[in-house]
Amino acid sequence: MVDKLKVEAELKQILEDWKNAFVNKDTDGLTKAYMPDVIMFDVKETFKGIGAIRVLWEVALPLVSIKPESRHEELKFDISDNIAVVTGYFQMISDNDGPGLRARVTICFRKTEQEWKIFHEHFSLPYNFETDQIELEQH
């Protein structure tokens with residue numbers, strides 16, 4: 001039987017490592033938690049495979065402000081023996097005075113022989129069909 005508190009702590013550490021890699025603009029650190037055949041549904045497009053995600057960050061990181069801040073919020077963990085799903089919010093704050101971006105996120109992990117790896121990730125933003133606009137959530 002799986003020790004859910006232990007797994008939750010391991011997953012939180014993976015997310016913390018990812019956050020630190022993001023803040024430090026470290027592409028290797030951003031991609032190390034992904035399985036080779038990962039699929040990411042991003043706000044704008046779909047990325048298939050770790051190579052595509054690496055290219056995303058190589059292009060995007062230079063566009064991010066000098067020292068961004070990020071955090072995961074309101075995380076909920078659903079854990080079984082070899083699959084874990086984490087839902088919550090990803091908050092990105094640049095070094096300007098704006099509110100930043102708060103996206104909804106679902107991260108799906110699979111337990112390999114050695115560690116937990118991300119096999120699917122989904123980012124989304126609230127969309128208002130009446131105004132045909134994204135409505136940024138602020139917290």
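# Notebook: cavity, pocket and core

I took helices (H or I, at least four residues) and strands (E, at least two) as DSSP runs, numbered from the N terminus.

I note that this is a predicted model, where local features need pLDDT of at least 70, side-chain atom pairs count only at pLDDT 80 or more, and totals for chains, interfaces and linings use all residues. Residues are numbered from 1 along each chain as its sequence is written, and side-chain values use heavy atoms, with hydrogens and water left out.

**Entry: the chain as a whole**

I looked up burial. Of the 139 residues, 38% count as buried. Buried means under 20% relative accessible area, exposed over 50%, and partly exposed in between (1.4 Å probe, protein chains only). The protein chain exposes about 8,400 Å², and carbon and sulfur atoms supply 53% of that. Those areas come from the Shrake-Rupley method with a 1.4 Å probe; for residues, only the protein chains shown count as cover.

I then checked contacts (heavy atoms within 4.5 Å). Among contacts with a separation of 6 or more, 48% join residues 24 or more positions apart.

**Entry: the cavity**

I searched the whole structure and found one cavity of 30 Å³ or more. The largest cavity holds about 30 Å³ of space. On a 1 Å grid over the protein atoms alone, a cavity is a set of points where a 1.4 Å probe fits but cannot get out; a pocket is an open set with protein on both sides within 12 Å along at least five of seven lines; lining residues have an atom within 4 Å of a point. Points are joined across faces, edges and corners, and a volume is the space filled by probe spheres set on them.

Which residues line the largest cavity? I listed Ile14, Leu15, Trp18, His72, Ile107, Ile118 and Glu121. Helix H1 (4–23) and strand E6 (116–124) each supply at least two of the lining residues. H1 gives the largest share, three residues. By class I counted five nonpolar, one polar and one charged. Here Ala, Val, Leu, Ile, Met, Phe, Trp, Tyr, Cys and Pro are nonpolar, Asp, Glu, Lys and Arg are charged, and the others, Gly among them, are polar.

**Entry: the second largest pocket**

I read a volume of about 180 Å³ for the second largest pocket. Its lining includes Glu10, Ile14, Trp18, Lys32 and Trp116. H1 gives the most residues, five. The classes are four nonpolar, two polar and five charged.

**Entry: the core**

I looked for a nonpolar core, a set of buried Ala, Val, Leu, Ile, Met, Phe, Trp, Tyr and Cys residues joined through side-chain atoms within 4.5 Å. The largest has 31 residues; Leu11, Phe22, Trp57 and Phe109 touch the most other members. H1 brings the largest share of this core, seven residues. I followed Phe109: its contacts, not counting residues up to four places away in sequence, include Leu11, Ile14, Val86 and Ile118.

**Entry: two single residues**

Is Ala52 buried or partly exposed? Ala52 counts as partly exposed because its relative accessibility is 25%. Ala52 lies in helix H3.

Lys25 sits in the loop between H1 and helix H2 (27–31). I noted its phi near 55°, a positive value in a residue other than glycine. Most residues other than glycine have a negative phi.
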